[in-house]
Protein chains: 2
Amino acid sequence: MTVERDGLGMQADNNTADVYELGEQVGFILRKANQRHLAIFAARISDLTPPQFAALAKLHEVGATSQNQLGQLVAMDAATIKGVIDRLKARDLVALEPHGSDRRRLVVSLSDKGRETIEALLPDALEVSEETLAPLTQRETATFLRLLAKLAEG
Amino acid sequence: MTVERDGLGMQADNNTADVYELGEQVGFILRKANQRHLAIFAARISDLTPPQFAALAKLHEVGATSQNQLGQLVAMDAATIKGVIDRLKARDLVALEPHGSDRRRLVVSLSDKGRETIEALLPDALEVSEETLAPLTQRETATFLRLLAKLAEG
DNA sequence: TTAAATTCATTTGTACACGAATGATACGCT
DNA sequence: AGCGTATCATTCGTGTACAAATGAATTTAA
């Protein structure tokens, strides 16, 4: 006695919304996918967390910026990016200076050590992405990334 | 002077891996998609966090279980599920009892209030899923969920 | 040019998330 | 029976994540 799904005998007005099953909801699966990714990341890049890596990588991409701006670039709010920067600063991976003209701002830049660190890790980061996407074929990967981006942007 | 991508003049051995761009990595987009989902969730279900909701929903699905087992069902480790349960318990949404035969275990069950709460919220939760997936067509949604599940399972 | 609105950084408080360690209990095996 | 291993719950420490409040500085607009 199984529950019929996608059966012809019962037409669903919309999607699969018949009963609520946690395991079928986007949010739940999204969270699990994220967990798997974080595990892969941690296995390959053990001395930096994903947010820390993201901050360094972005800094490497765009050069010195203010703290909040960097936060926007890596999708972290002001409180979150501050914590991340503080920990990077404590390890001398980034440097902080007051902004020239705007005295509210704090300019974050890569230290030499930070530059070396991030440059050395970029190949590993690519492998993290590859391993995360390994369950999908190349074709599926392309589709998935396109749809995921659409979802993320809203 | 733009960097050529997918160009014919330069054959890439694998995917798009030419330079590392944070904004193109799965992990980063996954995190952003998750952020968007969380915002949608919070807007519709303001008095329960997603993990709290997940725990209640699962409890509603499977009935009373031990704390750790519930954690496995909702993909949270022992330390995390404990915190979630504690907060639900503090609001009398769940009840805790010692297990009959196994004195290590703590059986978690929905309180009446918890049952009412979760049952009242299920329609909202479906809308959260729908709104999250709104940027995709039905066809894209089906594809996306299939690939996402593949990714999450590994 | 002041007053109002905005931006930047910071702090506080709450809530995950997970590795690692711990003590109590249960189980497998000899 | 007894010992080693595994499981369950708990605790500790670190690191996001975000809402909300704050003060200082800048920008906008009247």
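**Close-up 1. Helices that form the surface near DNA strand D in the predicted model.** Helix α4 of chain A contributes the most to the surface near DNA strand D, with 4 residues, where a residue is near a strand if one of its heavy atoms lies within 4 Å of it. At least two residues each come from α2 (50-62) and α4 (78-90) of chain A and from α1 (26-44), α3 (67-73) and α4 (78-90) of chain B, helices being DSSP runs of H or I with at least four residues, numbered from the N terminus. The model is predicted, so that local features need pLDDT of at least 70 and side-chain atom pairs count only at pLDDT 80 or more, while totals for chains, interfaces and linings use all residues. Residues are numbered from 1 along each chain as its sequence is written, chains are lettered from A and ligands numbered from 1 in the order in which they are written, and side-chain values use heavy atoms, with hydrogens and water left out.

Close-up 2. DNA strand D is surrounded by 23 residues, the closest being A:T49, A:Q52, B:N68, B:R104 and B:L106.

**Close-up 3. The aromatic pair A:F41 and A:F53.** Over all chains there are 5 aromatic pairs, a pair being two rings of Phe, Tyr or Trp (its six-membered ring) with centres within 6.5 Å, stacked if the planes are under 30 degrees apart, edge-to-face if over 60 and tilted for the rest. The rings of A:F41 and A:F53 are edge-to-face, because their centres are 5.8 Å apart and their planes stand at 75°. This pair links helix α1 (residues 26-44) of chain A, which holds A:F41, to helix α2 of chain A, which holds A:F53, 12 residues apart. Both A:F41 and A:F53 are buried, that is, under 20% relative accessible area (1.4 Å probe, protein chains only).

Close-up 4. A:F144 and B:F144 form a stacked pair, 5.6 Å centre to centre with 5° between the planes. The pair joins two chains, because A:F144 lies in helix α6 (residues 138-153) of chain A and B:F144 in helix α6 (residues 138-153) of chain B. A:F144 is buried at 0% relative accessibility, and B:F144 is likewise buried at 0%. Elsewhere, A:Y20, B:F41 and B:F53 form one aromatic cluster.

Methods
Buried < 20%, exposed > 50% of the residue type's maximum accessible area, 1.4 Å probe, protein only.
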